[in-house]
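This report covers ring contacts, the ligand site and some backbone details of one protein model. The sequence and structure come next.

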Amino acid sequence: MTRIGSLVLTCFLAATALAQQPQVQHKPHDEWWEHAVIYEISPRSFQDSNGDGIGDINGITSRLDYLKGLGIDAIWINPMYPSPGIDYGYDISNYTAIDPVYGTMADFDHLVAEAKKRGIRVIMDYVINHTSDQNEWFKESRSSRTNPKRDWYIWRDGKGPGKPPNNWQSWFGHSAWTYDTKTGQYFYHYFYPQQPDLNWRNPEVHKAMDGVLDFWMKHGVSGFRIDAVSRLFEDPNLHDDPYLPGFNAYGDRNIEHKYTDNYPEVHDVLKELRRVVGKYPGDPVLITEADEPNIAELTKMYGNGDEVQLPMDFQIADVNKLSAPEFRHLFNEIENNTAHGQPEYFFSNHDQPRQWDRYGDGVHNDQIAKLMATLLLTTRGTPQMYYGEELGMRTTEPTRIEDVHDPIGKLGWPKEKGRDGERTPMQWDSSKEAGFTTSATPWLPIPPSASLNNVATEKEDPNSIFNTYKLLLALRRSEPALRDGSYQAVNEDDQNVFAYLRKAEGSTILVALNMSGEARTISIKGVHAPSATALYQSPASSTAEVQLDHITLAPFGVLVARVQ
Ligand code: GLC
């Protein structure tokens, strides 16, 4: 979801605080996705292999050794299907092919095979709510009111000349209904008008979309990230959404998406999708993009263990500031989810400003980036990274509307500059095009920060953000407490330091994160050991021995220490 979405949700659909529940016993972790680290790749921006300035599949394949060396277990690749590219590939015109801009099906099969050799799994993006208006299904659907595919999409009469069926708004601004002159009806689109919504109340749509899963499973993928899943169903009676105070960046009145989000039928679809992928060996994973408004809705995504294994936790990702109490509350809440589901955490993705800027205070950004890396990689759950996060890549927004690619940036300029800023090319080295391409015109310009924040340069600096990620990823793999252990917050009334224990049999690790800009001294409560040995400290310290009744953390300081 977009930053505007996050804001609206934060302001108006504030999370329902559930009462603190007792610690839950988790079953021993044994599924690959429970201890994997997932790395999100934008194929357009990761590595160009043919010099056209646009990243591609062979480019990703050529960087698998890098990912392996970093310690990644699975890659989730943003859509690579044929697409007019109105929404960076989230408008799909053919679900069972590869867009020639990214390569061929043979390139894709090669990528999956090479990834497998390195123990890396491939997860596809599954865009389920809508297709492109250039998809053959929609072309047929719009061709006449009696076409057999008419009901594959949501067509309604207007309320009168020039009047859409109701007040529903697109997430990307203005009415969610577009009039089609040929057949004299409106079609519904939660996103751009070029992204008509599929009608999930039509069984043929189920059949077609289940077939898409089968197709990619047979090409060796290990699962799917399901796009915009809470938007699948709308009120069949077309009630108007309630208005909220104020206006959005597009100049529309704010509304609550009450009649278009989170319909219970979503869960029947999720169960069905799980059954489809469950026919295949290897425990394929389903991950949902669903920016759920509260823990109750988030928990529903797990079903009875028969829906998705990893619903992304947008509540945590949307904490847009460093706050020990807020993070503690949300990590405790998901830890104690009543479905006993595995949490899935992330702080950056292709729709959000990058975390280096979002949490940075303008002075300690690199230190804060290390703190956020520690939070991501030492809590209990499946971490998801976004390419370049391991370098401290920053959000580099366009400065002129003429340079904007993302349509929401064109529509919302200058309040909403779009998502180009978080989608700039990966920074591999300090050369002019950052090792991303040999073209002098990469599809988005290389950010100035690439001269310092790049893989080649950061590899050489033991204190770099890159080496922090590398070390923490290795610790997560080698330390049973971090890989599989339980999680328990300690010092729960501390307003500045978020501290927790990860425990496995015979091993306990303490993590303490100073989320304030001042040095803090804490005494760890409830641990029956006088001291601990640091496994990672930032800023670095010459002494590894730490007294648990007197730990001093620098501003935004981080400690990961073995207690026993
Ligand atoms: C999801 C994607 C976003 C896209 C939207 C419409 O939120 O993450 O990038 O624009 O769906 O498909």
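A residue counts as buried under 20% relative accessible area, as exposed over 50%, and as partly exposed in between, with a 1.4 Å probe and protein chains only. At 6% relative accessibility, Phe556 is therefore buried. The model is predicted, so local features need pLDDT of at least 70 and side-chain atom pairs count only at pLDDT 80 or more, while totals for chains, interfaces and linings use all residues. Residues are numbered from 1 along each chain as its sequence is written, and side-chain values use heavy atoms, with hydrogens and water left out.

**Backbone details**

Phe556 has a phi near 55 degrees, which is a positive value in a residue other than glycine. Phe556 is placed in the loop between strand S20 (551–553) and strand S21 (558–562). Helices (H or I, at least four residues) and strands (E, at least two) are DSSP runs, numbered from the N terminus. His174, also not a glycine, has a positive phi of about 70 degrees. The loop between strand S4 (155–156) and strand S5 (177–180) holds His174. With a relative accessible area of 36%, His174 is partly exposed.

One runs from Trp413 to Pro414, with omega near 0 degrees, and Pro414 belongs to the loop between helix H14 (407–412) and helix H15 (455–459). Another joins Ser538 and Pro539, with omega about -5 degrees. Pro539 is found in the loop between strand S18 (531–538) and strand S19 (545–547).

**Aromatic rings**

A pair of aromatic rings is described by the distance of the centres and the angle of the planes. Rings of Phe, Tyr and Trp (its six-membered ring) pair if their centres lie within 6.5 Å; planes under 30 degrees apart count as stacked, over 60 as edge-to-face and the rest as tilted. The structure contains 35 aromatic pairs. One of them, Tyr81 with Tyr95, is tilted, at 6.2 Å centre to centre and 45 degrees between the planes. This pair links distant parts of the chain: Tyr81 and Tyr95 are 14 residues apart, each in the loop between strand S2 (74–77) and helix H5 (105–117). Tyr81 is buried, because its relative accessible area is 2%. Tyr95, at 3% relative accessibility, counts as buried. The ring of Tyr81 also pairs with that of Trp216: the centres are 5.7 Å apart and the planes stand at 75 degrees, so this pair is edge-to-face. Here Tyr81 in the loop between S2 and H5 is linked to Trp216 in helix H7 (residues 203–218), 135 residues apart. Trp216 is buried, as is Tyr81.

Elsewhere, ring pairs connect Phe327, Phe331, Tyr345, Phe347, Tyr359, Tyr487, Phe498 and Tyr500 into a cluster.

A charge sits over a ring if NZ of Lys or CZ of Arg is within 6 Å of the ring centre and within 35 degrees of the ring normal. The charged end of Arg121 sits over the ring of Trp32, at 4.2 Å from its centre. For Lys417, the charged end sits over the ring of Trp413, at 5.5 Å from its centre. Trp413 is also the residue from which the cis bond to Pro414 runs.

**Ligand site**

Which residues come nearest to the ligand? Of the 14 residues around the ligand, these are Asp87, Asp227, Glu289, His350 and Asp351. A residue is near a molecule if one of its heavy atoms lies within 4 Å of it. The shell divides into four nonpolar, three polar and seven charged residues. In this division, Ala, Val, Leu, Ile, Met, Phe, Trp, Tyr, Cys and Pro count as nonpolar, Asp, Glu, Lys and Arg as charged, and the others, Gly among them, as polar.

| Residue (polar side-chain atom) | Ligand atom | Distance |
|---|---|---|
| Asp87 | oxygen | 2.6 Å |
| Asp227 | oxygen | 2.9 Å |
| His350 | oxygen | 2.7 Å |

Taken alone, the ligand exposes 310 Å², of which the protein buries 99%. Accessible areas come from the Shrake-Rupley method with a 1.4 Å probe.

**Two further positions**

Gln185 is in strand S6 (residues 185–188) and is buried, with a relative accessible area of 10%. Leu270, in helix H8 (residues 265–278), is buried at a relative accessible area of 0%. Leu270 and Asp65 are 34 Å apart in space, C-alpha to C-alpha, and 205 residues apart in sequence.

Note on methods: Polar contact = N/O pair within 3.5 Å; in protein donor to acceptor, adjacent residues only side chain to side chain.
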